[in-house]
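We'll hop from one spot to the next.

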Amino acid sequence: MDNKFYKAKEIIASRLELPRDILLDLPKITILSNNEINIENHKGVVIFEEEEIKINSNAGPISIYGKNFKILFIGGNTITLSGNFKSVVYESYE
Amino acid sequence: MKAMNNLKKYKKGSITMEIQSLIPEKFINLLWKNGIVAKNIKKINITTVVLEVKLSQYGEISKIAKRTNTRVKIIRRSGMSFFLIKLKSRYSLLLGVVLFGSIIYYLSTFVWNIEINTENYISPYELRNQIKAFGVKPGLRKKNIDVYELENKITRANDEIMWIKARIDGVKLKIDIIERQSPPIIVSNQTPCNLVASKDGIVTRVFTTEGTAIVIAGDVVQKGDILVKGEQGKEESVYPVHAQGQVIVKTFYEETKEVLFNNISKVKTGNSISNLYIKIGNKKIYLKNTVIPYSNYDKIENNDKIIKKETYNETQEKNIPGDEVKAKDEIYANILKNLDKSVKVIDKIYNVKKDKDKYIIKVVVVAQEDIASEGKIVPEENSVSEDKK
């Protein structure tokens, strides 16, 4: 049921050329160089370690590998991270 | 709890805190879910995280911390709010600052000093007193002083003032004055007059620039005699003038002095003895007393302290023979002392006579000087004195 509703939303969004990130609550990820990343529409921090940060989202968890992590801002539905990034991984990829 | 609710009004404070829990991510998520904005989250180790939050949200944070068994330690605080909180507990300091400011402001509404700049003739002291009489003095409210009116009053009271500026400068009333520069008065003395002798003497030379000379070289003149007459012209057309000129005259200054052949005077030998005593009533109690071995002595008493002192100085009588040469010089110097600088000494005559037991010394100084001085023309007397001659 939920899935159907979601699919319908997706179709409407694509038909009407509405911004999908808002309508479907998808994460919008902005990466600045290798040291700042900004994720909108996230669903909370799952792991916050020395060399890995995992952030939940509607598109599945997103892992960021690197070091010297720091959460510059967390509030509303935005999270901003800084640090020295090695890779950004979508964990939901099969 | 109440205190925590109170924190809500502090919008401009932020605190940095260190949290310790088994799963700090959970705590962060909870903060986020409760709409608490966190900044600069940094992991120290597995269980410890440092983060920055707003002070107004501290109440909710502590609630969450209790629920998740998280230990919260505040390590730094910053912002205006903390300053205000501190001030609240030191309100007397704040009061002092406000009071200080207001007192300074209040005192600055008074005039505390009057500075007066004048030029040559008007003394600031006089002006100060004058202003005081107008009711302007230090300690007056600024708004009660009308500088323009004061300017007018001062100029009206002083004729010598050409320009005046009175302004209030801070707590000072500054008054600047420029005086009227009156042109110099040229004293022209053209009233007719004679030249009259101011001393006795024998005329040696006569110079006249105006007037007719009556005396010639060799005349003996007395004090008050007319030397140059204030007239000029031929017999029929004589007109009065302001006589001017120099009449150089030999004058004599005489002084006599008697000097004894033998002067007996006391001379100290240098030996002395002193006694100490205390005076009670009329009785003297001696602390130190010695018999005086001198035949002649001077006694000096020193009475200014409680313990009084008598000093006996031995003296000897000595005969100093009178010195006529020294006496002569003394007399001469004495005469010179009384003479004007313009007087030129020509000669000095000594005359020493021996009396029974003394010299009689006479010194005469012959000098040359200008004795012409202005004298009024008294028409009748003039003619009479001329007739006499």
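**Stop by stop**

Begin in chain B with B:G201, which stands opposite B:V221 in β13(B). Before moving on, note that this is a predicted model: local features need pLDDT of at least 70, side-chain atom pairs count only at pLDDT 80 or more, and totals for chains, interfaces and linings use all residues. Residues are numbered from 1 along each chain as its sequence is written, while chains are lettered from A and ligands numbered from 1 in the order in which they are written.

Now select B:201-210, strand β11, which is antiparallel to β13(B) and joined to it by two bridges. (Strands are DSSP E runs of at least two residues, helices H or I runs of at least four, both numbered from the N terminus; two strands pair if DSSP finds at least two bridges between them.) Widen the view and you get an open, antiparallel sheet of five strands in chain B, ordered β13-β11-β17-β23-β22. Its edge strands are β13 (220-221) and β22 (344-354), each pairing on one side only.

Next, pick B:324-338. This is helix α8, lying across β17, β22 and β23 of chain B, at about 30° to β23(B). (The angle, on a scale from 0 to 180 degrees, is between N-to-C directions of lines fitted to C-alpha atoms, for helices over the stretch in contact; contact puts C-beta atoms, placed from the backbone, within 7 Å.)

Over to chain A: select 28-32 and 36-40. These are β1(A) and β2(A), antiparallel and joined by five bridges, with A:I29 partnered by A:I39. In the hairpin, three residues sit between the strands, and A:S33 takes a positive phi near 50°. β2(A) also pairs with β6(A) (residues 78-90), antiparallel over five bridges; look for A:E40 opposite A:T78.

Where do chains A and B meet as strands? The contact takes 13 residues from chain A and 12 from chain B. On the chain B side, β2(B) gives the largest share, six residues.

Last stop: B:I28. Residues it touches, leaving out those up to four places away in sequence, include A:V45, A:F48 and A:I74. B:I28 is also among the members with the most contacts to other members in the largest nonpolar core, which has 29 residues. (Such a core is a set of buried Ala, Val, Leu, Ile, Met, Phe, Trp, Tyr and Cys residues joined through C-beta atoms within 7 Å; buried means 20 or more other C-beta atoms within 10 Å of the residue's own.)

Key:
Contact = placed C-beta atoms within 7 Å. Buried ≥ 20, exposed ≤ 12 C-beta atoms within 10 Å, placed from the backbone.
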